[in-house]
Amino acid sequence: MKFLYSLNTSFLVLFSLSISVFSQEKMIARDGFKEGYRAIQFGIGSNFRLTNFSDANFSFLRFKSASKTYFLRGYLETHYSNSEDERNDSSPFPSTNIDSRTLNRSINNESFITELKVYLGSINYINTNSDILPFVSKSIFMGSLLNTGNSNTQEESDYINIQEIDRENEGLNFRPSLGLNLGFGVDYFIAKNISINAQSGIELSYLYNWNKNEDNFNETINGEFTRIQKNDRSTTSHDFILQTTGVLFGLTAYF
């Protein structure tokens, strides 16, 4: 994860430095663009956080003409979470003031989500004869999402006998997808070979969901097992989803 954060920071620094390296001469939008020109784009989502490598995408563009490009885009999103909860409760037993019951509970939840998508499509630019250049994009994509998580619960109650409960749950979700994307946005040229952009759009996706859940339950009283239970379950489902892509911000270098 630290490597991904460092890579992201490095790209931002490099692109920022490139602004001072390239000529600061403004350009009329697409002036000089022609077949064979190329561009590299780095983008992030509006909900980007350093704690999660969210909504990051890298694109390679090749111009077919002054008003149309083809692009190949890779999209990566990761989320990691870890939470712990400990609680100690002690209360007198109702029938006597001598006996008491103590409950110690410890819960640990951990999850890791990784989503990868690859887009292949084209962009059509709308000529405005200015440094502001609107565009419309369309593409197909393939992707996969992997969600792994586990939860551990330990409980111990002390009343006459020492009862211990240990429960562990592990889950796995794999979700490949295939779909269509229609986007729209605008490029603003801040230098002759550099533009910044904002874009959004809608996606129609077909998703195949595969879920596996494993639950282990162990109970002991005075150190002896009284109950051992294990449950395994697998489920599958198919979904069609129409959703917006949110807002993506990018920086593009042309060469």
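Predicted model: local features only at pLDDT ≥ 70, side-chain atom pairs only at ≥ 80, totals over all residues.
Q: Which residues line the largest cavity?
A: Look for Ala39, Gln41, Leu61, Arg73, Ile123, Tyr125, Phe135, Asp187, Asn197, Gln199, Thr252 and Tyr254. Two or more lining residues come from each of β1 (38-45), β4 (100-125), β7 (194-221) and β9 (248-254). Sorted by class, the lining has six nonpolar, four polar and two charged residues.

Q: Now for charges. How many salt bridges does the structure hold?
A: To read one, find a side-chain nitrogen of Lys or Arg within 4 Å of a carboxyl oxygen of Asp or Glu. The structure holds three of these salt bridges.

Q: Are lysine 117 and glutamate 115 buried or exposed?
A: The cut-off to keep in mind is that buried means under 20% relative accessible area. Lysine 117 counts as buried because its relative accessibility is 8%. Glutamate 115, at 16% relative accessibility, counts as buried too. Glutamate 203 is also buried.

Q: What does the remaining salt bridge, that of arginine 167, join?
A: Arginine 167 pairs with aspartate 215, with the closest N and O atoms 3.2 Å apart. Since arginine 167 lies in strand β6 (residues 161-191) and aspartate 215 in strand β7, the pair ties together parts 48 residues apart in sequence. Arginine 167 is partly exposed, with a relative accessible area of 41%, while aspartate 215 is buried at 9%. Going back to the other bridges, shared partners join Glu115, Lys117 and Glu203 into one network.

Q: On to the rings. How many aromatic pairs does the structure hold?
A: In general, a pair of aromatic rings is described by the distance of the centres and the angle of the planes. The structure holds eight aromatic pairs. Take phenylalanine 42 and phenylalanine 58: their ring centres are 5.0 Å apart and their planes are at 45°, so the pair is tilted. Phenylalanine 42 is in strand β1 and phenylalanine 58 in strand β2 (residues 56-65), so the pair ties together parts 16 residues apart in sequence. Phenylalanine 42 is buried at 3% relative accessible area, whereas phenylalanine 58 is partly exposed at 30%.

Q: How are the rings of tyrosine 206 and phenylalanine 240 placed?
A: Their centres lie 5.2 Å apart with the planes at 50°, so this pair is tilted. It links distant parts of the chain, with tyrosine 206 in strand β7 and phenylalanine 240 in strand β8 (residues 224-244), 34 residues apart. Tyrosine 206 is partly exposed, with a relative accessible area of 30%, and phenylalanine 240 is exposed at 68%.

Q: Which residues form one aromatic cluster?
A: Phe63, Tyr125, Phe135, Phe189 and Tyr254 do. Tyr125, Phe135 and Tyr254 are also among the residues that line the largest cavity.

Q: Where does lysine 117 lie relative to tyrosine 75?
A: Lysine 117 lies over the face of tyrosine 75, 5.9 Å from the ring centre.

Notes. Residues numbered from 1 in each chain as written. Heavy atoms only, no water. 1 Å grid on protein atoms, 1.4 Å probe; cavity = no way out; pocket = protein on both sides within 12 Å on 5 of 7 lines; lining within 4 Å. Helix = DSSP H or I, 4+ residues; strand = E, 2+ residues; numbered from the N terminus. Nonpolar A, V, L, I, M, F, W, Y, C, P; charged D, E, K, R; others polar. Buried < 20%, exposed > 50% of the residue type's maximum accessible area, 1.4 Å probe, protein only. Phe/Tyr/Trp six-rings, centres within 6.5 Å; stacked < 30°, edge-to-face > 60°. Lys NZ or Arg CZ within 6 Å of the ring centre and 35° of its normal.
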